Amino acid sequence: MTRSLDVTSPLRIGMLFLLVFGLVTSFRDESFAATIDAAKHTGIGTANYKKGNLEAAITEYRKAIESDPNYADAYFNLGNAYLTQGNLESAIAAYQNVIRINPQDSDAYVNLGNAYASQGNFEAAITECQKAIHINPGHANAHFNLGNAYSKLGNLGKAITEYQKAIHIDHEYVDAHFNLGNTYTKLGNLDKAITKYQEAIRIDAKYLSAYDGLANVYVKKRKLLDATAEYRKAIEINPRYADAYYNLGEIYFNQGNLNEAVKQYQKAIEINSNYPRAHYNLGRIYQNLDNQKLTISEYKKAIELDPKFTDAHYNL
């Protein structure tokens, strides 16, 4: 799996104002008061966002904008809340307002690109990331997201270049190392893929997807003992990691160790009941063992979970 596009600066907290004591004059700066009020509502919105109360956060960000229609941070956080909700059109509009207020806000271009990417509009995502990089060439997230967009469009060479740029800026950018591993795997450059997955694990020893990626490469290289070891490391980190059990089942199945394969598939299903492929493979095993009753049962379960599962229909 490819790590998703990074949302840059997910929260911007309302500005804190230091009150300087001095003479009281005969006028009051209403715009300053409005900005203070906007900052207050933005701060409350941020507190709600962190708690997962997105609707309450959105309400507060909108109050901030009512107080000060040019308060960019409120629009930015509003865009992030909408993006988290999956309300992409509203997120896009919010980020565009940030850019209207401050055309040099590179983070806003990156997150606008994220919203376009979530719509499947990777060309637009590329354009926005490039704008961010033009403003701030050292924006690691912009390079990373640009790499992801190129990868989605199948331009793996450019994807590699952008991931490498992100890593050059931030040597510990774990997702960039991981996605480089994925890209090298796609290109068949398995030794480089191994190096990048190992680097991701060095940075974050609990990065489960990196163990998966590393194990999958070992499977491709027919190093099944090494692959098994990596899946078991993932399970040690997260005993409820269903995919690792499933992949262990695949190794044992292909080795002809059917009893152990059954145990692993059953464990995957115990953790994730919505696992049609695991039921299908159990059906194949029981078919090999001439257990017609269990064979039919597992194929039916696979079809129940995925009615378009062609192979399960065919075998049934």
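**Helix packing and ring pairs**

Let's start where two helices touch: Leu224, Ala227, Thr228, Tyr231, Arg232, Ala234 and Ile235 of helix 12 meet Ala244, Tyr245, Asn247, Leu248, Ile251, Tyr252 and Gln255 of helix 13, contact being heavy atoms within 4.5 Å. Helices here are DSSP runs (H or I, at least four residues), numbered from the N terminus. This is a predicted model, in which local features need pLDDT of at least 70 and side-chain atom pairs count only at pLDDT 80 or more, while totals for chains, interfaces and linings use all residues. Residues are numbered from 1 along each chain, and side-chain values use heavy atoms, leaving out hydrogens and water.

The axes of helix 12 (residues 224-237) and helix 13 come within 9 Å and cross at roughly 155°; these axes are lines fitted to C-alpha atoms over the stretch in contact, with angles from 0 to 180 degrees between N-to-C directions. Helix 12 is therefore roughly antiparallel to helix 13, the term for angles over 145 degrees.

Now for the rings. Phe, Tyr and Trp rings (six-membered for Trp) pair if their centres lie within 6.5 Å, and planes under 30 degrees apart count as stacked, over 60 as edge-to-face and the rest as tilted. By this rule there are nine aromatic pairs. In one of them, Phe144 and Tyr163 have ring centres 5.8 Å apart and planes at 45°, so the pair is tilted. Because Phe144 lies in helix 7 (residues 140-152) and Tyr163 in helix 8 (residues 156-169), the pair ties together parts 19 residues apart in sequence. Phe144 is buried, with a relative accessible area of 0%, where buried means under 20% (1.4 Å probe, protein chains only).

Notes
Buried means under 20% relative accessible area, exposed over 50%, partly exposed in between (1.4 Å probe, protein chains only). Angles under 35 degrees count as roughly parallel, over 145 as roughly antiparallel, 65 to 115 as roughly perpendicular and the rest as oblique.
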